[in-house]
Amino acid sequence: MVRNPERRAALVDAAIEVLAREGARGLTFRAVDEEAGVPKGTASNYFANRDDLLGQVTGQIHQRIAPDPDEVAEVMAAPPSRALVVELMEWINRRVAENRTGYLAMLELRLEATRRPELHVELNRVFRATLDENVRFHLENGLPGDRTAVLLMYLAMTGLMLEQLTLPGVVPVEETDGLISALVDRAIGPQGGASREVSP
C-alpha cells in the first residue's frame, strides 16, 4: 500500500464529500478518485477495499466536525450556568448547518452500519466514546444537569440534527432557538441545578 498521509487524507475527505452527496451506494473508488481529482486507480492503492475506506471515513469524519479547542476554551470562559448550556446547544446546532456535508456523511455511515457488522461495531465504539466524553466534559466543567440530562439533550439534539439535514421544513429554522432553550429547561430545569453524576 502507498504511504502518503496527505494524499490519504485528501482521498478520505473526497470520500466524505461523495458519501454526503451520493450516499453509500455511490461511494466507489472511481467516484473518490474523481472527487479528489487524482488518476483512476489511486484510491485502490490506498485502501484495501470498501470496508477499509469506510473505516477511514469513520475516523476522519469526527476530526472534521470537531470544534476548534480554542473556540471551546473561549465559550467555556463563562461561568457554568443554564445560559451557558443553552449557548453550547445552540453552538452545536449552528455547527451542523456550517458543516452540512460532514454531518450528512455521518448519517449515511449510520445507515450503512445497519448492513455492515464490522462498521456497526466501529461506529458503536466511536459514538459511545464521543458520548462518554460529552458527559465527562459537562460534569467536570460543573455545568448544571446530571448524566441523564446530558443523555436527554444528546438524543434530542440528534433528532433535531436529523430533521434539519433531511427535512428542514418540518421544524422551521426560526423556531430552533426557542426549542433548544425549552429542551434545556426540561432537561435541567429552568434555573439549572448543581451538576451531579447518576449511575448508568
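This is a predicted model: local features need pLDDT of at least 70, side-chain atom pairs count only at pLDDT 80 or more; totals for chains, interfaces and linings use all residues.

Trainee: Which residues of H4 are called buried, and what makes them so?

Mentor: Buried means under 20% relative accessible area, and the residues of H4 that count as buried are Leu 53, Leu 54, Val 57, Thr 58, Gln 60, Ile 61, His 62 and Ile 65. What covers them includes helix H1 (5-22) and helix H2 (29-36), together with H6, H7 and H8.

Trainee: How do you know that the span of H6 agrees with its number of residues?

Mentor: The reasoning is again by length: 17 residues at 1.5 Å a residue should span 24 Å, and the end C-alpha atoms of H6 are 24 Å apart, so the two agree.

Trainee: Which residues of H6 are buried, and what covers them?

Mentor: With the cut-off of under 20% relative accessible area, the buried residues in H6 include Arg 82, Glu 90 and Arg 95, as well as Leu 84, Val 85, Trp 91 and Val 96. Among the elements that cover the buried residues of H6 are H4, helix H5 (69-75), H7, H8, H9 and helix H10 (173-188).

Trainee: What makes the space in the largest pocket a pocket, and how much space lies there?

Mentor: A pocket is an open set of points with protein on both sides within 12 Å along at least five of seven lines, whereas a cavity is a set from which the probe cannot get out. About 960 Å³ of space lies in the largest pocket. Of the 31 residues that line it, the closest to its centre are Pro 67, Ile 92, Tyr 103, Thr 130 and Asn 134.

Trainee: Which element gives the most to that lining, and what classes of residue make up the lining?

Mentor: H6 gives the most, with eight residues, and by class the lining has 22 nonpolar, six polar and three charged residues.

Trainee: How many helices and strands does the whole protein chain have, and how much of the chain is buried?

Mentor: The protein chain has ten helices and zero strands, and 41% of its 200 residues count as buried.

Note on methods
Residues are numbered from 1 along each chain as its sequence is written. Side-chain values use heavy atoms; hydrogens and water are left out. On a 1 Å grid over the protein atoms alone, a cavity is a set of points where a 1.4 Å probe fits but cannot get out, and a pocket is an open set with protein on both sides within 12 Å along at least five of seven lines; lining residues have an atom within 4 Å of a point. Grid points are joined across faces, edges and corners, and a volume is the space filled by probe spheres set on the points. Helices (H or I, at least four residues) and strands (E, at least two) are DSSP runs, numbered from the N terminus. Ala, Val, Leu, Ile, Met, Phe, Trp, Tyr, Cys and Pro count as nonpolar, Asp, Glu, Lys and Arg as charged, and the others, Gly among them, as polar. The expected span of a helix is 1.5 Å times one less than its number of residues. Buried means under 20% relative accessible area, exposed over 50%, partly exposed in between (1.4 Å probe, protein chains only). Contact means heavy atoms within 4.5 Å.
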